[in-house]
Amino acid sequence: MSTETASSNLTVNPLAYVQVTLNPDGTLNRDRFVFPDTSASPDPIPSAGPVLSKDVPINPSHNTWARIFLPRHHARSCSEEKLPLIVYYHGGGFILCSPASNIFHELCITLARELSAVVVSVKYRLAPEHQLPMAYDDAVEALHWIKTARDEWLVEHADLSTCYLMGSSAGGNLAFHAGLRTSASPEGLEPLKIRGLILHHPFFGGTQRTPSELRLANNHILPLAAIDLMWELSLPLGVDRDHEYCNSAVNGSSKLSEGVDKMRSLGWRLLVTGCDGDPLIDRQVELVKLLKEKGLRVVSDFMEGGYHIIEAIEPDKSKPLVLTLKSFMSTTVAGQDAVGPPNGISMQIAA
């Protein structure tokens with residue numbers, strides 16, 4: 001990796017780009033129109049669409065909650081067969097968005113509809129008001145809430161023994177760290193049983209620039225200046241981007257080893273997706289190689305072209321992702337490895 005900072009080549013004002021203003025007390029003013037909210041649709045009438053959704057509180061003292069998505073056909077079915085559960089963590093660089101944000105709401109509808117799954121999208125606390133690891137705390141707390149929740153949709157329709165942790169962008173980072181934490185004592189989550197992690201364009205970084213970060217420094221979707229700002233606001237005070245929350249390879253990845261060993265012993269599998277139009281692609285490929293070297297079963301799917309979380313921003317481009325998820329989830333349940341190249345990294349042309 002290059003040691004260049006690329007700071008002299010950055011032409012983007014990060015605060016203006018993400019449309020936030022930083023207050024003197026360290027809080028943010030966020031423009032709620034950048035990612036407009038969508039209301040939940042719990043009404044089972046046909047006009048509500050193919051997927052129902054509703055909001056339920058998790059921890060009112062932290063203002064955390066979840067939006068649950070349920071395929072409408074299953075809500076009206078008399079079948080006793082339950083659906084796999086996807087616990088989803090939204091993106092936004094740890095500083096923006098919620099499960100109600102339209103791009104993540106629509107992505108969860110796609111997941112529930114196309115994968116015939118119950119999706120629980122988690123609202124976690126945002127930085128800089130609540131810096132990491134508070135979002136990780138909320139991610140894990142949500143899992144403990146799910147295991148004992150008496151919500152009708154979860155009790156009647158979700159198979160807690162077939163659970164996947166999934167996240168997009170910063171949510172992918174969250175899913176990974178929630179997995180590391182919970183793998184240490186999986187019995188504490190019973191009857192919830194995690195089968196695998198799905199990291200959709202996960203958000204990782206480091207102080208040294210990668211070739212893809214330099215090549216796409218002024219990328220129109222995720223410019224490097226915005227990436228740096230998000231990490232500056234979300235990481236604990238006094239640390240840099242080589243902190244373990246950000247850089248998975250820090251200190252030779254020694255801090256990862258114990259958690260990865262636990263994941264491997266539990267039989268978990270990981271799916272990492274991305275594209276080479278994303279400045280973060282080199283970080284994602286590095287993570288895949290690192291985890292495979294540690295013996296974890298990892299499947300990856302990296303497209304040519306595209307851009308960061310393209311499937312959330314352009315829902316009509318989500319079909320390849322859906323097919324990848326179907327294959328991954330079916331082979332995970334069957335205890336098989338998905339067919340792929342020897343290094344576990346595939347490349348396909350974006351549709």
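**Labels and the values behind them**

Analyst: F94 lies in the loop between strand 5 and helix 3 (102-115). The model is a predicted one.

User: Why is F94 called buried?

Analyst: Its relative accessible area is 2%. Buried means under 20%, so F94 counts as buried.

User: What is noted about the phi of F94?

Analyst: Phi of F94 is near 70°, which is a positive value in a residue other than glycine. S116 is another such case, with phi near 50°. S116 sits in the loop between helix 3 and strand 6.

User: Why is S116 called partly exposed?

Analyst: The relative accessibility of S116 is 30%. Partly exposed covers the range between the 20% limit for buried and the 50% limit for exposed, so S116 counts as partly exposed.

User: Which residues does W231 touch, leaving out those up to four places away in sequence?

Analyst: W231 touches F94, L132, N173, F203, F204, G205, R241, Y245 and C246. The place of W231 is in helix 8 (residues 224-234). Between the C-alpha atoms of W231 and C246 the separation is 7.7 Å, with the two residues 15 apart along the chain.

User: What makes W231 buried?

Analyst: Relative accessibility of W231 is 1%. The cut-off for buried is under 20%, so W231 counts as buried.

User: Where are cis peptide bonds placed in the model?

Analyst: One joins A127 and P128, with omega about 5°. Another joins L132 and P133, with omega about 20°. P128 lies in the loop between strand 6 (118-123) and helix 4 (134-148), and P133 lies in the loop between strand 6 and helix 4 as well.

User: Why is strand 7 described as largely enclosed by the rest of the structure?

Analyst: Strand 7 covers residues 158-168, and nine of its eleven residues are buried, so the strand is largely enclosed by the rest of the structure.

User: How do you know that strand 7 pairs with strand 5 and with strand 8?

Analyst: Pairing requires at least two bridges between the strands. Strand 5 (residues 83-89) and strand 7 have seven bridges, in the parallel sense. Strand 7 and strand 8 (residues 194-200) have six and run parallel. Both pairs therefore meet the requirement of at least two bridges. I86 has Y164 in strand 7 as its bridge partner, and L165 has L197 in strand 8. From strand 7 the chain crosses through helix 6 (residues 170-182) to strand 8, in a β-α-β crossover that is right-handed.

User: What does L165 touch, and which residues of the largest nonpolar core touch the most other members?

Analyst: Not counting residues up to four places away in sequence, the residues touched by L165 include V87, Y89, L143, A175, G196 and L197. In the largest nonpolar core, which has 105 residues, L85, Y89, L165 and F176 touch the most other members.

User: Why are the buried residues of helix 9 said to line one face?

Analyst: The buried residues of helix 9 (residues 257-266) are G259, V260 and M263. Seen down the axis of helix 9, these fall within an arc of 95°, so they line one face of the helix. They pack against helix 6, strand 8, strand 9 (269-275) and helix 10 (281-293). On the other side of helix 9, E258 and S265 are exposed.

User: What are the totals for the protein chain?

Analyst: The protein chain has twelve helices and eleven strands. Of its 351 residues, 55% count as buried. Among contacts with a separation of 6 or more, residues 24 or more positions apart account for 79%.

Methods: Residues numbered from 1 in each chain as written. Predicted model: local features only at pLDDT ≥ 70, side-chain atom pairs only at ≥ 80, totals over all residues. Heavy atoms only, no water. Buried < 20%, exposed > 50% of the residue type's maximum accessible area, 1.4 Å probe, protein only. Helix = DSSP H or I, 4+ residues; strand = E, 2+ residues; numbered from the N terminus. Right-handed = clockwise from strand over helix to strand, strands pointing away. Arc of directions from axis to C-beta. Contact = heavy atoms within 4.5 Å. Core = buried A, V, L, I, M, F, W, Y, C linked by side-chain atoms within 4.5 Å.
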